[in-house]
Amino acid sequence: MKINPGIKRTVTTIDENHTALEAAQLMTENQIGSVVVTSHAQIVGIFTERELMMQVVGKGRDPGNVKIKGVMHTDHLKIDPEASCDEALQIMKKKRCRHLLVFKDDEFIGLISLRDIVVLTLQEKDDLIQQLEGYISVT
């Protein structure tokens, strides 16, 4: 199954000069696990719950004094919208991340998370079960 149906095309962004505390508050307010980080309207990275825990809180740093640009994930975790869920999972496993930025060529399309992929995979399994049950009841 392709990741395309699960892509979040409306994402929350934050400038790289904001603090980790501001990013955490934004994520809490929007009930999300990541924000796309920008600089001069260009995407420069992603800041997630993982960076908050591993780069800020876990190291005893004050989130109100830590700029996102110093702790965000800059290894753009990119994927094409036509990629499969399996491809996305492989990238996530290799890069040890739960969010991927979706780009078509050089154009930012949106974001997909591990949770989105799980939902897509479960939908695919449910559809298959319904098809098999329909087949069994017909024969």
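Is Lys 104 buried, partly exposed or exposed? With a relative accessible area of 35%, Lys 104 is partly exposed (buried is under 20%, exposed over 50%, partly exposed in between, with a 1.4 Å probe and protein chains only).

1. The model is predicted: local features need pLDDT of at least 70, side-chain atom pairs count only at pLDDT 80 or more, and totals for chains, interfaces and linings use all residues. Residues are numbered from 1 along each chain as its sequence is written, and side-chain values use heavy atoms, with hydrogens and water left out.

2. There are three salt bridges (a side-chain nitrogen of Lys or Arg within 4 Å of a carboxyl oxygen of Asp or Glu). In one of them, Asp 80 pairs with Lys 104 at 4.0 Å, N to O. Asp 80 sits in the loop between β4 and α3 and Lys 104 in strand β5, 24 residues apart (strands are DSSP E runs of at least two residues, helices H or I runs of at least four, numbered from the N terminus).

3. Asp 116 and Lys 8 form another, with their closest N and O atoms 2.6 Å apart. Asp 116 belongs to helix α4 and Lys 8 to the segment before β1, so the pair ties together parts 108 residues apart in sequence. Asp 116 counts as buried at 12% relative accessibility, while Lys 8 counts as partly exposed at 39%.

4. Glu 49 and Arg 98 also meet in a salt bridge, at 3.7 Å, N to O. Glu 49 is in helix α2 and Arg 98 in the loop between α3 and β5, so this pair joins parts 49 residues apart in sequence.
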